[in-house]
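Keep the 3D view open as you read.

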Amino acid sequence: MGKVLARDALAGVVADERARGRTVALANGVFDLLHVGHVRYLEGAAQEADVLVVAVNDDRSVRALKGPGRPILDDVSRAELIAALRCVDYVIVFPEPTVGPLLELLKPDVHCKGTDYTVDTVPERAIVEAYGGRTAIVGDPKDHSTRDLIARVTGQAR
């Protein structure tokens, strides 16, 4: 089970992992109402390095990204659920609109994004390239979504 850490603590842990010769991958997302697509994405990310760090958007940034009524679960709950996954080593909740500042701080060997992106469309690609990291597209095809799950549960499915 992973550990939910604050930014400074996580930076120290990542430095320690690197000193032990381990590679680090970072995956990020909202992870509201955890579903199989999230699990497959994170399992794929974990295969890219020795250590998997998952960055979870805080509640304010989720509202800005997803609109009113989101997130369904608060950031503390979402982080705890992600940390409980066997493939996850560390979790951080981040407040910025993008994961860019966290990438610049941690400089993971690999930044993992889901299959709704290509390497060329990942917004933070230039940041990762600038410090010598790589971007990996992982997970199964993007045919799962929290939005669709909410619609099914509320009876508003298309």
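How many salt bridges does the structure hold? The structure holds nine, a salt bridge being a side-chain nitrogen of Lys or Arg within 4 Å of a carboxyl oxygen of Asp or Glu.

1. A word on the source: this is a predicted model, in which local features need pLDDT of at least 70, side-chain atom pairs count only at pLDDT 80 or more, and totals for chains, interfaces and linings use all residues. Residues are numbered from 1 along each chain as its sequence is written, and side-chain values use heavy atoms, with hydrogens and water left out.

2. Start with the open sheet, whose six strands run in the order E1-E4-E3-E2-E5-E6 with parallel pairing. Strands are DSSP runs of E, at least two residues, and helices are runs of H or I, at least four, numbered from the N terminus; two strands pair if DSSP finds at least two bridges between them. E1 (3–4) and E6 (134–137) are the edge strands with a single partner each, so one side of each has no neighbour in the sheet.

3. Arginine 7 and glutamate 96 form a salt bridge (3.1 Å, N to O). Arginine 7 sits in helix H1 and glutamate 96 in the loop between E4 and helix H5 (100–106), so the pair ties together parts 89 residues apart in sequence.

4. Next, look at arginine 78, which forms a salt bridge with aspartate 59 at 2.9 Å between the closest N and O atoms. Arginine 78 is in helix H4 and aspartate 59 in helix H3 (residues 59–66). Arginine 78 is buried, with a relative accessible area of 0% (buried means under 20%, exposed over 50%, partly exposed in between, with a 1.4 Å probe and protein chains only).
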